[in-house]
Amino acid sequence: MLSLLDTAILAAIVSAAVTALGWFATHWSQQRLDDKRRIEKIVDVQTALLAEIESNLTRFDEIDLDKHADQMVARIMQKAGRANFTPFVPRYATEIVFEAMLADIHILPTETIDDVVAYYKQEYKLRELVEDLRSDRYHEIEQDRKARIYRDYVWQIKTALVTGEQARNALRGSLGLPQQAATLNSPGEVPSLASGNQ
């Protein structure tokens with residue numbers, strides 16, 4: 001027969017076991033909830049970035065960039081008629097979604113981060129070039145140099161389209177969505193610096 005002391009010890013052991021099980025169940029439940037929230041956040045961030053990238057890629061769907069570059073260079077180099085023609089280049093919109101999600105970018109899968117960051121880095125580079133093309137300094141340079149810079153601008157757009165396709169495919173793959181066909185203006189690979197940047 002159990003003594004009073006033995007009963008107290010047994011009750012303390014049972015109480016400690018129940019408390020430990022309760023703590024473990026609460027921790028496990030909280031961990032599952034945190035994991036679910038993290039997965040939802042990853043999906044939300046990727047979905048928002050995908051929407052912005054797809055919107056950006058459609059900007060040039062109806063423009064033949066090679067033909068456009070040839071036409072603009074011809075107009076810039078035209079000697080008769082218009083002296084010192086400078087094409088108008090519209091400002092680029094701010095990358096609102098990417099900048100809002102920048103603090104959470106680390107939660108994405110590594111391969112997705114690489115492609116998304118490469119794309120937005122190209123977009124920022126393109127935005128800086130647009131500001132240069134809108135400057136008084138660009139308006140005042142000689143026409144042949146102006147034409148080369150404008151051709152480089154079109155080349156940078158094509159590069160942004162390529163990196164955008166890669167980022168879009170990475171995000172769609174990570175979200176389990178089917179891949180989309182490349183846009184009309186996207187070349188099969190990123191142009192080499194030697195071919196368009198000189």
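**Entry 1: ground rules.** I am looking at a predicted model, where local features need pLDDT of at least 70, side-chain atom pairs count only at pLDDT 80 or more, and totals for chains, interfaces and linings use all residues. Residues are numbered from 1 along each chain as its sequence is written, and side-chain values use heavy atoms, with hydrogens and water left out.

**Entry 2: salt bridges.** How many salt bridges are there? I found a count of 9, taking a salt bridge as a side-chain nitrogen of Lys or Arg within 4 Å of a carboxyl oxygen of Asp or Glu. Side chains of opposite charge can pair when their charged atoms come close.

I looked up Glu 54 and Arg 172, whose side chains form a salt bridge at 3.1 Å, N to O. Glu 54 sits in helix α1 (residues 4-57) and Arg 172 in helix α6 (residues 143-175), so this pair ties together parts 118 residues apart in sequence. I took helices as DSSP runs (H or I, at least four residues), numbered from the N terminus. Arg 172 is buried at 12% relative accessible area; buried means under 20%, exposed over 50% and partly exposed in between, with a 1.4 Å probe and protein chains only.

Next I checked Glu 123 and Arg 59, which meet in a salt bridge at 2.8 Å, N to O. They are 64 residues apart, with Glu 123 in helix α4 (residues 110-133) and Arg 59 in the loop between α1 and α2. Is Glu 123 buried or exposed? Glu 123 is buried, at 2% relative accessibility, and Arg 59 is partly exposed at 33%.

Asp 66 is in helix α2 and Lys 158 in helix α6, so parts 92 residues apart in sequence are tied together. Asp 66 is partly exposed at 44%, while Lys 158 is buried at 15%.

**Entry 3: α4 and α6.** The axes of these helices come within 8 Å and cross at roughly 155 degrees. I used lines fitted to C-alpha atoms over the stretch in contact, with angles from 0 to 180 degrees between N-to-C directions. The two helices are therefore roughly antiparallel, a label for angles over 145 degrees.

**Entry 4: Ala 100.** I found Ala 100 in helix α3 (residues 96-101), and Ala 100 is exposed at 58% relative accessibility. Ala 100 and Val 45 are 55 residues apart in sequence, and their C-alpha atoms are 9.7 Å apart in space.

Definitions and conventions
Parallel < 35°, antiparallel > 145°, perpendicular 65-115°, else oblique.
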